[in-house]
Amino acid sequence: MNAQQPLPLIGLTMGDGAGVGPEVIVPAVLDAGTLSRCRPVVIGDAARLREAARILGADCEVVTVAAPGEAAYPPGRVNVIDLGLLPPGLPWGELSAAAGNAAYEYVKHAAELAVAGEIDGICTAPLNKGALHAAGHLYPGHTELLAHLTGVEEVSMMLSTEKVKVIHVTTHIGLIDAVARIEPGLVERTVRRGHEALVRAGLPHPVIGVCGINPHAGENGLFGYGEEEEKIVPALEKVREAGIDARGPLPADTAFFLASRGDYDLIVAMYHDQGHGPVKVLGIEAGVNLTVGLPVIRTSVDHGTAFDIAGKGKAEAGSMIEALRQAAHMSTAG
C-alpha cells in the first residue's frame with residue numbers, strides 16, 4: 001500500500017450481543033497491530049461494548065460516530081455506529097430474538113455502507129442462527145445473508161488458517177441435499193472463485209486440491225455411484241483448460257494432511273463437515289471465515305457465539321484480530 005494512502009476503513013459488525021462478539025471486538029480494535037493495518041468502526045451497540053470493556057478491565061473509551069468517516073483513532077478509543085437495538089440488561093449467554101434482530105440489522109447496515117463505498121470491507125463477529133430465526137430472519141448464516149443483501153445469487157464460504165485454506169462447494173444444507181446439489185457447473189465456479197481469491201491475496205499460481213464426495217474419492221467406482229466422474233471430473237477438465245492448477249478428485253481423508261504440509265494452497269471441500277472438521281482441528285483459534293464472490297470484502301471469526309463463556313471475560317480475540325488483518329489485506333491487495 002502506498003504510504004500516502006489512508007488505511008482501509010473496516011466495518012466490524014457486533015454479532016449477537018448475548019454472545020462473545022463484544023468481548024472479542026474490544027481487544028481486537030484496541031490492538032496495536034490492528035490499528036497499524038486498518039481503521040475499524042464497529043456497527044453495533046455502544047452500551048454493550050462498554051459493558052464488555054468493563055468485564056475485560058479494558059482501559060478504553062467507547063465513542064459513538066454517525067458515519068465511518070467521522071471516526072478518529074487516538075490510543076484507547078473504540079469507534080461505534082450505535083444502532084441502539086439491544087434492551088437494557090440483556091442476559092449474556094442466552095438466546096434472544098432481540099439480539100438476533102439486532103445482529104441482522106448490524107449486518108444490513110454494514111452491507112449498505114460497503115455497497116455505498118463508505119467502508120472498504122466488512123468483518124463480522126458471530127451471530128446465533130437460532131436467535132436470527134427467532135427474530136424472523138430465516139437465513140442459514142452470514143454467508144447467505146450477505147449474498148441476499150448485496151444481490152448476489154451465488155457465493156462460496158472459505159475458511160483460512162495458517163496451515164490450510166478450504167473453500168466449500170456446498171455449506172449449510174443436509175448431506176443428502178448437498179450430494180444432490182453438487183454438479184459440474186457449481187464445482188467449476190467454486191474452484192474459480194477460490195483461485196481468484198488466492199490470486200487477489202497475492203498468490204499468482206495457487207495449487208488447488210479438490211476432494212471427492214465418497215470415501216477414497218470413489219476408488220474407481222468401488223464406493224458410491226460414480227459421483228466423482230459425473231459431478232467433479234468434468235469441472236476439473238474445464239478449469240485446467242483455463243490454466244488453473246486444480247488436482248483431484250482427492251480422497252478427503254488425506255487431502256487436508258497434504259495441504260497442511262504444503263502440497264496444496266487451497267482445498268475444495270464438497271460439503272460442510274468435510275471442510276469444517278479438519279480446519280477447526282488445524283486452527284480454529286486463529287481461523288478466519290471469508291465469503292468469496294461478494295461485491296464487498298467480508299471476513300469473520302471462525303467460531304460461534306460461545307454462549308457458555310459469554311460475559312465472563314474468557315473469550316480469546318485472536319481469531320478476530322486475524323479476521324481484521326485479512327480484511328485489511330484484501331482491501332488493499334491488487
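**Touring a protein chain**

Visitor: In the protein chain, what share of the contacts with a separation of 6 or more comes from residues 24 or more positions apart?
Guide: This is a predicted model: local features need pLDDT of at least 70, side-chain atom pairs count only at pLDDT 80 or more, and totals for chains, interfaces and linings use all residues. Residues are numbered from 1 along each chain as its sequence is written, and side-chain values use heavy atoms, without hydrogens or water. Contact means heavy atoms within 4.5 Å. For residues 24 or more positions apart, the share is 73%.

Visitor: What is the radius of gyration of the protein chain?
Guide: Radius of gyration is taken over C-alpha atoms, and the globule rule is 2.2 Å times the number of residues to the power 0.38. With 334 residues, a compact globule would come near 20 Å. The protein chain agrees, with 20 Å.

Visitor: Where is Ala71 found?
Guide: Helices (H or I, at least four residues) and strands (E, at least two) are DSSP runs, numbered from the N terminus. Strand S3 covers 61-64 and strand S4 covers 77-82. Ala71 sits between them, in the loop.

Visitor: Is Ala71 buried or exposed?
Guide: Buried means under 20% relative accessible area, exposed over 50%, partly exposed in between (1.4 Å probe, protein chains only). Ala71 has 14% relative accessibility, so Ala71 counts as buried.
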